[in-house]
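This report describes selected features of one structure. The sequence and the model come first, and the description follows.

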Amino acid sequence: MKDKLIKKIRAHESVVAILGLGYVGLPLARLFCERGFRVIGLDTDCEKVDALKRGRTYIRHVGAEQFQRWFESGRFCPSTDFSNACDADAIILCVPTPLDGHREPDLSYVTGSLESLLPHLRPGQLLCLESTTYPGTTHEELLPRVEGAGFSVGEDFFLAYSPEREDPGNVSYNTSTIPKVCGGETEACREVGVALYEQVVDSVVPVSSTQAAEMVKILENTFRAVNIALVNELKQVAHGMGIDIFEVIRAASTKPFGYMPFYPGPGLGGHCIPIDPFYLTWKAREYGLHTRFIELAGEVNTSMPEWVLSRVVYALNEHGKALRDSRVLVLGLSYKKNVDDTRESPSVRLMDMLRAGGAEVSYSDPYVPEFPEMRRFQFDLTSCELSPEIIGRHDCLLLVTDHDDFNYDMIQRHAKLIVDARGRYANGAENVYPA
Ligand SMILES: NC(=O)c1ccc[n+]([C@@H]2O[C@H](COP(=O)([O-])OP(=O)(O)OC[C@H]3O[C@@H](n4cnc5c(N)ncnc54)[C@H](O)[C@@H]3O)[C@@H](O)[C@H]2O)c1
């Protein structure tokens, strides 16, 4: 059964179902379509599925044009009907893995989507999880459910884990040029998983188990979280000493070995770095182990918005103004530059704190025309146009996300005061306060 499936995959005659058509699933669907596979896109969100059927995408950097063509030719079939999964030879899960209200892993999307799939699975399929999660998820959560449905994993069904390394907005690497790690529940599972990804990515890195593959992703994102925390702490120390941290990072980056630059900012955002390490923290407790670096990095990174706020208060004070009743314009609402993703964005927390302090808050972001619906924060706002007049009307501009589209010279010419949390302006620039 394994050899037959691998043969079908290598001939690009296999059908691939992608479950969860978000920031990860949609680029992956595009990649498989580009390489000639027929792709079934499954999502519970009918608005997304309808948009794709009408030839529109909802992620700015994923172009709509090809999707329309592929939909019309039948190569891409978006649907909310999970029974279509029985037509697929490989099914890839790209559903969210957030933290719950107690900052513990919420696997309900993974287990829920699998439960919906189970009645439609058939022998000879590969199921691969791509959502970021703690080591053991595939083995402890997916395997028993698949076996409980009567399959013999490694013989008539194949189960694998391959972490997604998508980096939205990265112009140097895309889904096909980022090497893909893959582990299987058995040797045969891994072989099938590797065979699938080899068709669409330049390099596949097999590892010995699904647990190892899951841990790879957690290591990568913990590495980032800890290093960002370190540089965020050093930024505050350097600031206290009158040293420009960005000058220091630039100079340190000339070292050809043993150093790689991380940049300080207003705090972490997105669906990955603030969340993923805590999946490991939770799992480690089961083994009586503590993840002190992760906790400390989380503490430093989550305190950054407070530090930035203190800089706004300081800068306004220098200009003879209190925060209360000041008009503050936040530049950039998404969590990182040149993307439209606002999940966990520090800009939103900052807006909330500014408003709680009595400031009149607005924002400008070319990627986010309307303040999105959020569970914890509500702002009835649309993005401000950045005209000289509007800039001049504000007491303070707070640069949180440094999109390349902003006209930084024009902003500086017309702003009364800028608090810069990204080091976009040269240190010592007139009316600019580093934060
Ligand atoms: N965004 C990134 O840059 C990135 C990078 C690497 C890894 N990841 C990981 O990939 C996973 C997905 O992240 P994302 O950013 O693509 O999330 P997303 O929210 O953009 O997309 C998830 C999609 O899954 C759909 N969905 C929810 N429940 C479903 C269900 N039961 N069945 C089918 N579809 C369902 C949602 O409607 C949504 O379209 C997460 O585990 C995340 O940590 C994300």
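Strand 9 (residues 327-331) and strand 11 run parallel and are joined by four bridges. Within this pair, Val328 stands opposite Cys396 in strand 11. Strands here are DSSP runs (E, at least two residues) and helices are DSSP runs of H or I with at least four residues, both numbered from the N terminus. Two strands count as paired if DSSP finds at least two bridges between them.

This is a predicted model, in which local features need pLDDT of at least 70 and side-chain atom pairs count only at pLDDT 80 or more, while totals for chains, interfaces and linings use all residues. Residues are numbered from 1 along each chain as its sequence is written.

The two strands belong to an open sheet of five strands with the order 10-9-11-12-13 and parallel pairing. Its edge strands, each pairing on one side only, are strand 10 (360-364) and strand 13 (432-434). From one strand to the next the twist averages 25°. Axes are lines fitted to C-alpha atoms, for helices over the stretch in contact, and angles run from 0 to 180 degrees between N-to-C directions.

An open sheet of eight strands has mixed pairing and the order 3-2-1-4-5-6-7-8. Strand 3 (76-79) and strand 8 (204-206) are the edge strands, each pairing on one side only. With direction ignored, neighbouring strands of this sheet are turned by 25° against each other on average. Strands of a sheet pair through backbone hydrogen bonds, either parallel or antiparallel.

Strand 1 pairs with strand 2 (residues 38-42) in the parallel sense over five bridges, and Val15 stands opposite Arg38 in strand 2. Four of the five residues of strand 1 (residues 15-19) are buried, so strand 1 is largely enclosed by the rest of the structure. A residue is buried if 20 or more other C-beta atoms lie within 10 Å of its own, exposed if 12 or fewer, and partly exposed in between, with C-beta atoms placed from the backbone. Strand 5 (residues 125-129) and strand 6 (residues 157-161) also pair in the parallel sense over five bridges. The bridge partner of Leu129 in strand 6 is Tyr161.

## Packing of helices 6 and 8

Two packed helices are described by the angle between their axes and the distance between the axes. For helix 6 (residues 137-148) and helix 8 (residues 210-240), the angle is about 125° and the axes are 8 Å apart. That makes helix 6 oblique to helix 8; angles under 35 degrees count as roughly parallel, over 145 as roughly antiparallel, 65 to 115 as roughly perpendicular and the rest as oblique.

In the contact, Thr137, Thr138 and His139 in helix 6 meet Thr210, Gln211 and Glu214 in helix 8. Residues are in contact if their C-beta atoms, placed from the backbone, lie within 7 Å. The residues of this contact divide into no nonpolar, five polar and one charged. Ala, Val, Leu, Ile, Met, Phe, Trp, Tyr, Cys and Pro count as nonpolar, Asp, Glu, Lys and Arg as charged, and the others, Gly among them, as polar.

## The ligand shell

The ligand is surrounded by 26 residues, of which the closest are Gly20, Gly22, Tyr23, Val24 and Ser131. A residue is near a molecule if its C-beta atom, placed from the backbone, lies within 6 Å of it. Helix 5 (residues 108-117) supplies the largest share of the shell, three residues. By class, the shell has eleven nonpolar, ten polar and five charged residues.

## Individual residues

Most residues other than glycine have a negative phi, and most peptide bonds are trans. His12, not a glycine, has a positive phi of about 55°. His12 lies in the loop between helix 1 (2-10) and strand 1, and is partly exposed, with 14 other C-beta atoms within 10 Å. Asn431, also not a glycine, has a positive phi of about 65°. Asn431 lies in the loop between strand 12 (418-420) and strand 13 and counts as partly exposed, with 16 C-beta neighbours inside 10 Å.

Asp404 is in the loop between strand 11 (396-399) and helix 14 (408-414). With 9 C-beta neighbours inside 10 Å, Asp404 counts as exposed. Not counting residues up to four places away in sequence, Asp404 touches Lys337 and Asn338.

Terms used. Contact = placed C-beta atoms within 7 Å.
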